[in-house]
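Keep the model open beside you as you read.

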Amino acid sequence: MSASVPGPRRAPARGKRAFAATWWGQAWVTALEDSTLDAGRLSRGRTYARKGMVGPTTVAPGRIKAAVQGSRPRPYRSSVHLPVLTDTQWGTLLDAIAARAGHLAALLDDEMPAGLVDDARRAGVPLLPQPTELDPDCSCPDWGYPCKHAAALCYVIAATVDADPFVLFALRGRGREEVLAELRARRTPKQGTPTPPAPTGVPATAAYTRWAEHAPQLPGPRAPATHAAALPVAPPSGTGLSTTDLERLMSDTAARAARLLAGHTADLHLTQHQDAVRIAASGPGPDWFHRLIQNTGIKPTEFARLTRAWRNGGPTGLTVAEQPLTPDPAVMTAARTALTAALAEMTPAPARLRAWRNRLTLTDHGIQLRLGPDACWYPCIREDDGEWWSAAPADADPVAAVTAVWRKTGA
């Protein structure tokens, strides 16, 4: 199984993230850049990729290859190897996809759902590449690892993965059609399997009414305790656990339980890194903050960016910060029209407004609005590191969301 993928028609714009617009494409770039300390060869590889010196790529299980034009007339044969998954790992991965209809829907929309990657990682299946897994190779005489030709190929692959996340599946051993066939088989009942009869019962409203007539009066949730949680005994020595840390976790658990009893269930189902961001957003102190970063494996700046997104928008704000969404085009058109009219009054110069998926960007002012799944607009500003950081709480009105951060950018 192999497929030929054309190389880029033109050089991408300059910038570290130019080769990857999606979070999963950037994960590929991060794996490459974390796999070597040779910044010089990576830089030359980016230059080669931007100049279009990488030819059409061929994807096969465990390998992607292409001819890369170097300084000599004849191009070099460069490739990047990635370990394929075992049959057992594939079974686990496909089960994880089939278990949630949203995973498959996102993949068919050419998006890699973050929840799927988290589910697979918890099950011990590496879908996204790790720095130790990428194995570049090239026919050139350069001893670098990777050489600039293989590095250029790696950067081009990031753009390929951006456009089609199924390329990652193909590199791990199975192509799009094979994966989809396996998923269809998992979702289709086997022949001869009896269909269970529909359960009989009463409508939910009637059942609740019948129960409510005879139910005892239940007390409401207690007010949060005003004193800190305390351990009855100190943790055993040699465990690495401290009384202060455990008491903080107890207090956090109690506060979260109180929120759940009050009906606030938005943060009930969180992945490990999302829960780490939630705890960091509560201001636990620098020691905890650094340990949370170490345990999640997220880069410090990225972790700080996600923490700010949680503070301004909770779990929905975190989702908006981590992955683009595909919104209703009519909603985006209406917001763009309203913003254009408002900006005409706010600034004398015409404001350039660029739309991409759920994002509206004021390119001249360093402001971006992101439409969340809750139909609210999350304002961001571009910081000095070139990343978009959450700047204020969300607002249902895009004009109000822009106004909230307009002065912060000096616009």
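Helix H10 covers residues 243-261, and its 19 residues reach 27 Å from first C-alpha to last. That is close to the 27 Å expected at 1.5 Å a residue, where the expected span is 1.5 Å times one less than the number of residues. After H10 comes Gly 263, with a positive phi near 95°.

A quick word on ground rules: this is a predicted model, so local features need pLDDT of at least 70 and side-chain atom pairs count only at pLDDT 80 or more, while totals for chains, interfaces and linings use all residues. Residues are numbered from 1 along each chain as its sequence is written, and side-chain values use heavy atoms, leaving out hydrogens and water.

Zooming out, the protein chain has 15 helices and ten strands (DSSP runs numbered from the N terminus: H or I of at least four residues for helices, E of at least two for strands). Of its 411 residues, 40% count as buried, meaning under 20% relative accessible area with a 1.4 Å probe, protein chains only.

Of its 26 lining residues, Arg 100, Gly 115, Gln 274, Thr 319 and Gln 323 are the closest to the centre. H13 gives the largest share of this lining, six residues.

Terms used
On a 1 Å grid over the protein atoms alone, a cavity is a set of points where a 1.4 Å probe fits but cannot get out, and a pocket is an open set with protein on both sides within 12 Å along at least five of seven lines; lining residues have an atom within 4 Å of a point. Buried means under 20% relative accessible area, exposed over 50%, partly exposed in between (1.4 Å probe, protein chains only).
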